[in-house]
Amino acid sequence: MKPKKFLNDPADAVDEYVAGLLLQYPTRLRKLAGHHVVLSSAFACARDAASHPNGASVSLLSGGGSGHEPSHAGFVGMNMLSGAILGGIFASPSVASILAAIRAVTLPKAAGGKGCLLIVKNYTGDRLNFGMALELAAGEGYDAKMVVVADDCAVERKKGITGARGVAGTVLVHKAAGGAAGKGASLDEVTKAAETIANSVGSLGVALDTVTIPGAAAVNDRLDGTSATGEPMMEVGLGIHGEAGMRQCPLMSCDDIAKEMLAAIQVYGKEVDGKILPRYEKGDELLVLVNNLGGASNFEMSLLARSLVTRLEGTYGCQASRVLVGSYMTSFDMRGASVSVLPLKGRARDLLPLFDANTDAPGWASVDVWTGGTSRPSNTEIDEVPGASGSAAVASSLPPLLLDNFTDKARAAIEQACTALIEAEPLLTKYDTIVGDGDCGITQMRGAKEISTRLDSGALDLTHPVPLFSNLADAISSSMGGTSGVLLELMFRRAGASLASSSKIASKEMAAAFRAGVEAVSFYGGAREGSRTMLDALFPASEALTSTEEVGAAAAAARKGADATAKMELAEAGRSNYLSKEVLRGTPDPGAVAAAVVLEALAKAIS
């Protein structure tokens with residue numbers, strides 16, 4: 001199967017990537033003419049020591065094959081890289097481009113240059129090309145050094161002379177070295193900082209699906225197989241170029257993946273005075289980088305981060321004071337992740353301020369630091385503020401009620417409305433079976449029965465319309481469900497809020513509250529009068545009630561509006577929106593009919 005990518009001509013992909021990056025950061029980044037090199041805009045200046053950034057601080061360069069974004073161009077910025085050299089897709093950059101980058105960001109030593117550090121991932125092509133460029137630059141009078149990062153813990157120590165690969169831990173080297181350079185450290189000091197982090201960090205990657213590079217003729221299906229028991233497969237210990245990992249295995253849970261990753265890093269350990277010691281020990285403070293290899297969701301990355309940190313702090317007894325989660329060194333769209341663990345002890349601990357230093361590099365996210373204690377502040381939940389229910393919510397500030405016999409009239413009106421809705425269920429169901437999904441009558445009857453039950457049990461506060469409307473909204477919320485239930489609940493809550501803010505409550509305020517409730521249904525639901533919904537009955541009713549303050553007039557307007565929906569051949573909302581005019585013609589909207597039924601019952605009870 002041909003891969004699906006956002007792509008034009010693969011041969012132009014790197015050029016177009018750089019162009020897109022420059023569009024995003026028009027004042028912070030520049031391209032070096034004639035090369036796939038991205039530089040800080042600070043280097044668009046004169047070539048003398050007084051104006052050139054290298055006259056004040058060491059310059060940093062890194063790079064490699066394209067496809068690992070935001071590495072490395074995304075880390076060009078203050079207190080990080082001075083520039084990044086981009087090779088082709090998964091291919092080392094050329095010696096010519098690396099040398100051109102060194103010249104661009106570095107002054108000759110004789111001209112007052114502070115020197116340049118090359119940070120290189122441990123791949124043969126990168127080492128050779130960066131090394132050659134360094135030697136050529138030295139011959140031209142530039143002071144340059146190179147640090148090779150080999151943080152991958154998947155490759156056995158004694159497996160050939162190639163050594164461990166450089167992976168996401170390289171980004172931490174960028175940050176430490178960049179911070180040191182930003183503080184004015186010498187080239188030797190910046191190099192030492194880079195070496196300290198490179199020798200301390202350990203990383204391991206896993207993937208659920210491997211990478212397919214742009215321009216490939218077919219999708220890489222190496223992980224499409226299943227185990228002997230039919231389980232999907234995953235890979236542990238693979239590199240950032242899609243090369244096969246240590247092993248394939250059936251898909252594991254997030255917790256088990258974390259267990260496998262951390263065990264591999266711990267067993268690989270670190271070399272100290274010729275001995276292999278555990279990478280981290282109980283009581284160690286850690287910086288943990290959980291890196292998205294390109295195709296994992298943010299949701300999955302947080303799950304994996306939780307599993308990793310929980311295990312580091314539980315099983316290993318460490319403390320992760322800095323947890324970075326996101327895309328730092330990807331492999332195009334590989335659905336996988338890596339973890340880099342950096343113990344913050346010894347010399348690495350002295351470099352902590354460098355990790356916390358500000359940077360404007362696009363790919364680096366600021367670190368939220370946990371400085372210690374028995375538990376993270378984020379583990380302490382903020383207590384929910386309890387809301388008063390029923391009449392207690394507003395009893396202390398109810399507006400005076402100027403309506404005669406409100407309790408008796410409210411009881412009679414609710415009884416009549418519930419009875420009418422229950423009796424109308426067959427008709428509403430019939431209409432909704434034609435123009436909807438057939439549940440309108442049952443939904444309305446369910447709400448009516450719940451309200452009737454609460455009325456009989458004394459659960460409805462009939463002494464005042466504000467708590468009563470809140471009670472009715474609660475009953476609707478717990479019984480009706482569906483869109484109509486939510487909309488009617490909103491109507492009663494808005495009506496109650498409208499009344500609660502009044503200085504008094506008489507017929508005029510009741511009409512205004514009804515209008516406010518109807519408008520809430522329109523605002524939140526998105527429909528309007530003419531949309532062939534309950535609003536075709538409710539809006540005319542609210543207008544009639546506002547102008548006459550007579551429920552009978554409102555009921556008549558609602559019935560007229562409901563009947564008119566039978567002639568509407570277009571529905572703008574609800575299930576009817578999917579139907580043809582031939583199906584709609586002649587059948588009124590059941591929600592509008594239900595509204596008319598209720599208002600007619602109210603008018604009868606109140607009269």
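1. **Ground rules.** Because this is a prediction, local features need pLDDT of at least 70 and side-chain atom pairs count only at pLDDT 80 or more, while totals for chains, interfaces and linings use all residues. Residues are numbered from 1 along each chain as its sequence is written, and side-chain values use heavy atoms, with hydrogens and water left out.

2. **A helix pair.** Two packed helices are described by the angle between their axes and the distance between the axes. Take α10 (residues 406-435) and α18 (residues 590-606): their axes come within 8 Å and cross at roughly 160 degrees. Helices here are DSSP runs of H or I, at least four residues, and strands are runs of E, at least two, numbered from the N terminus. Axes are lines fitted to C-alpha atoms, for helices over the stretch in contact, and angles run from 0 to 180 degrees between N-to-C directions. So α10 and α18 are roughly antiparallel (an angle over 145 degrees).

3. **Who touches whom?** Contact (heavy atoms within 4.5 Å) involves residues including A413, A420 and L428 of α10 and V593, V597 and A601 of α18. The contact residues divide into 17 nonpolar, one polar and two charged. Nonpolar covers Ala, Val, Leu, Ile, Met, Phe, Trp, Tyr, Cys and Pro; charged covers Asp, Glu, Lys and Arg; the others, Gly among them, are polar.

4. **Cysteines.** How many disulfides are there? The count is zero, using a cut-off of sulfur atoms within 2.5 Å. For C254, the closest cysteine sulfur is in C249, 13 Å away, so that is too far for a bond. C418 has no disulfide either, with the nearest cysteine sulfur, in C440, 15 Å away. C418 is buried at 6% relative accessibility, whereas C254 is partly exposed at 26%. (Buried means under 20% relative accessible area, exposed over 50%, partly exposed in between, with a 1.4 Å probe and protein chains only.)

5. **Cis peptide bonds.** Most residues other than glycine have a negative phi, and most peptide bonds are trans. Look at the loop between β3 (59-66) and β4 (83-89), where P70 is found. The bond from E69 to P70 is cis, with omega near 15 degrees. H72 lies in the loop between β3 and β4 too, and the S71 to H72 bond is cis, with omega near 0 degrees.

6. **Positive phi.** F332 is not a glycine, yet its phi is positive, about 50 degrees. F332 sits in the loop between β13 (319-326) and β14 (335-343) and is partly exposed at 23%. N405, also not a glycine, has a positive phi of about 50 degrees. N405 belongs to the loop between α9 (352-356) and α10, and is exposed at 53%.

Note on methods
Parallel < 35°, antiparallel > 145°, perpendicular 65-115°, else oblique.
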